[in-house]
Amino acid sequence: MNMKFDFNNPTRILFGSGMLNELGNQPMPGKKAMVLISNGKSTKANGYLDRTLDQLHKAGVETAVFAGIMENPLKEAVMKGAVFARENLCDFIVALGGGAVLDSSVAISAMATNDGDLWDYVVGGTGKGKPLSNKGLPIVTITTTSGTGSEVNCWGVISNLETKEKIGFGDPMLVPVLAIVDPELIRTVPPKYTAYQGFDALFHNTEVMMSNGVNILSETIALSAIENIVKYLPVAVRDGNNLEARERIAYGSTMAGITMQLTSTTAQHSMEHAMSAYHHNLPHGAGLIMISKEFAQFFIDKHACDGQFIKMARVMGIPEADKPEDFITALLKLQEECGVADLKMSDFGIQKDECMTLAVNAHETMGGLFLANPCEMSDEECAAVFEKSYK
Ligand SMILES: [Zn+2]
């Protein structure tokens with residue numbers, strides 16, 4: 001067991017049902033908030049926006065609402081958001097929404113105070129990798145989904161349609177100052193997205209477990225998160241209003257956000273980013289589900305981390321697990337129970353002859369995550385994982 005770690009999680013987390021009502025009692029990091037929401041209707045229709053604005057006004061701050069973030073957020077939306085923050089003299093950001101909104105807030109925070117284009121600062125792919133000159137705007141996150149864990153970390157995934165890249169952007173100085181995780185807000189997520197997002201949260205934790213950088217603390221957090229997600233995700237998919245299930249999954253998702261600061265995820269995430277960079281309508285969680293069995297099977301065949309798979313299987317409903325394949329058994333059962341076992345790449349326009357292109361893109365764009373894999377994976381082997389996953 002790796003007994004070394006470097007942990008710095010400066011985000012204050014207010015976790016629990018009803019916590020949104022506490023926002024107005026918190027000290028705010030500025031005087032005027034840019035309230036960032038998606039371009040969809042739900043945040044307004046559910047009353048979350050009005051409740052958040054009321055709380056912010058109660059805390060004595062002014063607000064300006066920017067409703068321009070889409071799923072798989074684009075660089076253009078980030079740049080528009082940054083201009084909006086400057087024009088409206090906002091001195092902090094309140095990101096209210098799901099992963100796309102929270103991810104965008106990191107990039108908008110940076111671009112509101114740094115000149116040039118986001119891709120000047122992106123590391124990897126065609127990004128120029130320049131260091132940020134100025135601190136970003138402080139960020140407060142209020143998550144309305146359980147998936148990305150972005151509420152507590154300083155990374156966000158942004159897509160560049162021009163270059164067909166989907167890359168994680170971030171900087172430790174962009175970490176949110178306050179995160180409100182109120183599972184009551186998550187009850188309105190429809191079943192399909194509950195499943196996609198729940199699996200995303202699950203894979204953040206399972207990838208930390210598979211990573212060669214796993215340590216005693218990241219493993220302890222990840223196993224606790226996995227246990228809660230696996231037990232309660234089918235419940236939340238069946239009945240979104242089951243608050244206990246929402247609480248447990250929200251816990252697992254936020255804990256993933258924390259454990260990912262201790263230990264990196266693996267190339268499964270690079271591979272999914274390649275898929276949705278080329279197929280923009282593919283939800284992140286759905287892409288991960290499609291490749292998850294074969295990705296794990298690759299490392300099981302190589303005996304790269306047998307013990308880690310067994311530990312996971314034991315908290316995934318197979319307490320007597322004694323072989324790495326038990327992880328696959330538990331994973332497939334969960335996919336069945338959540339109604340996502342039949343997801344097909346072809347339904348999202350992916351062609352079988354793209355597998356090598358995707359493998360090369362995954363390596364070129366987010367090659368760093370391949371270094372976290374428990375053993376090497378060549379482009380050919382990566383393409384083979386895509387091929388075996390293809391339906
Ligand atoms: Zn993810």
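Beyond its neighbours within four places in sequence, Ile 93 is in contact with Ala 33, Met 34, Leu 36, Ser 105, Ile 108, Ser 109, Leu 137 and Ile 139. Two residues are in contact if their C-beta atoms, placed from the backbone, lie within 7 Å. The model is predicted: local features need pLDDT of at least 70, side-chain atom pairs count only at pLDDT 80 or more, and totals for chains, interfaces and linings use all residues. Residues are numbered from 1 along each chain as its sequence is written.

Ile 93 also belongs to the largest nonpolar core, which holds 125 residues. Leu 36, Ile 93, Val 94, Ile 226 and Leu 233 touch the most other members of this core. Helix H7 (residues 216-238) gives the most to the core, eleven residues. Domain 1 (12-185) and domain 2 (190-389) both contribute residues, so the core lies between them. A nonpolar core is a set of buried Ala, Val, Leu, Ile, Met, Phe, Trp, Tyr and Cys residues joined through C-beta atoms within 7 Å. A residue is buried if 20 or more other C-beta atoms lie within 10 Å of its own, exposed if 12 or fewer, and partly exposed in between, with C-beta atoms placed from the backbone.

The bounds of the two domains come from an automatic or database domain assignment. The C-alpha centres of domain 1 and domain 2 lie 25 Å apart. Across the boundary, 25 residues of domain 1 are in contact with 26 residues of domain 2. On the side of domain 1 that touches domain 2, strands S1 (12-15), S6 (155-160) and S7 (165-170) are the elements that give two or more residues. The largest share of this side, four residues, comes from S7. Its residues divide into seven nonpolar, 13 polar and five charged. Here Ala, Val, Leu, Ile, Met, Phe, Trp, Tyr, Cys and Pro count as nonpolar, Asp, Glu, Lys and Arg as charged, and the others, Gly among them, as polar.

The chain has 14 helices and eight strands. Helices (H or I, at least four residues) and strands (E, at least two) are DSSP runs, numbered from the N terminus. In helix H8 (residues 243-259), 15 of the 17 residues are buried, so H8 is largely enclosed by the rest of the structure.

Of the 391 residues of the chain, 53% count as buried. Among contacts with a separation of 6 or more, 80% join residues 24 or more positions apart. The C-alpha trace spans about 55 × 45 × 45 Å along its principal axes.
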